[in-house]
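Hi there,

Here is the structure I promised to pass on to you. Please open it alongside this email, and you will find my notes just below.

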Amino acid sequence: MSGQHNQPKPTSARPIRTPAELVESGFVTAEDLASSIDAVAERHAVGISPAIAALIDRNDPKDPIARQFVPDAAELNVAPEEREDPIGDLTHSPVEGIVHRYPDRVLLKAVHVCPVYCRFCFRRQMVGPQGLGTLSPEAMDEAFAYIANRPEIWEVILTGGEPLMLSPRRLGEIMQRLDAIDHVKIVRFHTRVPVVEPERINEALITAIEASGKTAYVALHANHPRELAPSAREACARLVDSGVVMISQSVLLKGVNDDPDTLAALMRAFVETRVKPYYLHHPDLARGTRHFRLSIEEGRALVAGLRGRISGLCQPTYILDIPGGHGKAVIGPDAIQQEEAGCYRVCDFKGGGHAYPPSD
Ligand SMILES: *Cc1c(COP(=O)(O)O)cnc(C)c1O
Ligand code: SF4
């Protein structure tokens, strides 16, 4: 982390959105601003919500929350394998705002702003004030026509950007339009709001979510157990109590959650909050994010370690989104290997090997 966090300052109740505000709030020094952070902020949007600012330990130069949100000079290094559109959204976008990669589900990206800007964001070239913007009413009509005309679309996933940044009124309108499409049975939201702006999960927003009349899933993005602070847990409780099913999404990030204790604590915090661990993503090849990536082997070892350590309820699936738009792949770890036709070697949770079927 290039910022120095050793000057405790009162937590501001206002969001931080500019490099100058990073300095004012003590997250970045004036020297770092001039030498690198201004240049980072020109490339990638900056945003830290009050709830996140309050979680950052300014005395810890390696704070895992700060690392996710405070811009870093390392973002100026672009690795050759990194891309503008790492998971190939644009190659599968038949109309503006829709990504249709798998037959039975589409992404609907109505907004491209977020209350925070994660430094490792896989859509960082598309989100933010200079990003793709909000869908116009005409584009929205086209997106809904696309969904309505395709009976194979069973699920609509609202993502962005941050779908819960929509006002309850606008969200309610979207939900009512989905209500009118019979073949859509599931509405899923991919969101960070319960963690980064928990007060936004209020009755008006929940009423808007329910207006679709569909089964609603909310996939919560959080990467460190400290993000599941009491106010975040209460926001999730309001959603779950209203009948929403919650699942988790995390990104495996170097310096944030790449150790067994932190990962185990994160997955347990989700389960305690009634959020079922769903995906653990290997970080995507977004520009300027190499400092967050570990190797797939390191990731597999960490995930294998969770199996013996914590409840089956706490196990996420380790996923790689294949660059170029080829979709997601489960990348292990594999507990079983074929030795010869019909004969396998299975690994137990302590690392011991066993023949299957057993030889005796
Ligand atoms: C990730 C993603 C989905 C959702 O995938 P699941 O495996 O169902 O969670 C759907 N469409 C696109 C384009 C995606 O990138
Ligand atoms: S909340 Fe999601 S879309 Fe927004 S910056 Fe973070 S990773 Fe990107």
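What follows is a short tour of what turned up, starting with the conventions.

This is a predicted model, in which local features need pLDDT of at least 70 and side-chain atom pairs count only at pLDDT 80 or more, while totals for chains, interfaces and linings use all residues. Residues are numbered from 1 along each chain as its sequence is written, chains are lettered from A and ligands numbered from 1 in the order in which they are written, and side-chain values use heavy atoms, with hydrogens and water left out.

**Ligand 2**

The space that ligand 2 takes is the largest pocket. A pocket here is an open set of points on a 1 Å grid over the protein atoms alone, where a 1.4 Å probe fits, with protein on both sides within 12 Å along at least five of seven lines. A molecule sits in one if more than half of its atoms lie within 2 Å of its grid points. Around ligand 2 you will find Cys-114, Val-116, Tyr-117, Cys-118, Cys-121, Gly-161, Arg-192 and His-221, where a residue is near if one of its heavy atoms lies within 4 Å. That shell divides into five nonpolar residues, two polar and one charged.

**A cis bond in the ligand shell, and another**

Gly-161 lies in the loop between β3 (155–159) and α6 (168–179); helices (H or I, at least four residues) and strands (E, at least two) are DSSP runs numbered from the N terminus. The C-alpha atom of Gly-160 is 4.6 Å from that of Lys-109, although the two are 51 residues apart along the chain. Lys-109 belongs to strand β2 and is buried at 4% relative accessibility. Buried means under 20% relative accessible area, exposed over 50%, and partly exposed in between, with a 1.4 Å probe and protein chains only.

The bond from Tyr-356 to Pro-357 is also cis, with omega near -5 degrees, and Pro-357 is in the segment after β12 (353–356). Why point these out? Most residues other than glycine have a negative phi, and most peptide bonds are trans. On the phi side, Arg-274 has a positive value of about 65 degrees although it is not a glycine. Arg-274 lies in the loop between α10 (260–272) and β7 and is partly exposed, at 43%.

**Rings**

How many aromatic pairs are there? The count is two, taking rings of Phe, Tyr and Trp (its six-membered ring) with centres within 6.5 Å, where planes under 30 degrees apart are stacked, over 60 edge-to-face and the rest tilted. Phe-120 and Phe-292 make an edge-to-face pair, 5.6 Å centre to centre with 80 degrees between the planes. Phe-120 is in the loop between β2 (105–109) and α5 (137–148), and Phe-292 in the loop between β7 (275–281) and α11 (296–309), so the pair ties together parts 172 residues apart in sequence. Both are buried: Phe-120 has a relative accessible area of 7% and Phe-292 of 1%.

Tyr-278 and Tyr-279 have ring centres 3.8 Å apart and planes at 15 degrees, so this pair is stacked. Tyr-278 is partly exposed at 25%, whereas Tyr-279 is buried at 16%.

Charges also sit over rings, meaning that NZ of Lys or CZ of Arg is within 6 Å of the ring centre and within 35 degrees of the ring normal. The charged end of Arg-105 is over Tyr-102, 4.0 Å from the ring centre, and Arg-150 lies over the face of Tyr-146 at 3.7 Å.

**Helix α9**

Arg-233 lies in helix α9 and is partly exposed at 30%. Its C-alpha is 9.7 Å from that of Val-275, 42 residues away along the chain.

Best wishes

Key. 1 Å grid on protein atoms, 1.4 Å probe; cavity = no way out; pocket = protein on both sides within 12 Å on 5 of 7 lines; lining within 4 Å. Nonpolar A, V, L, I, M, F, W, Y, C, P; charged D, E, K, R; others polar.
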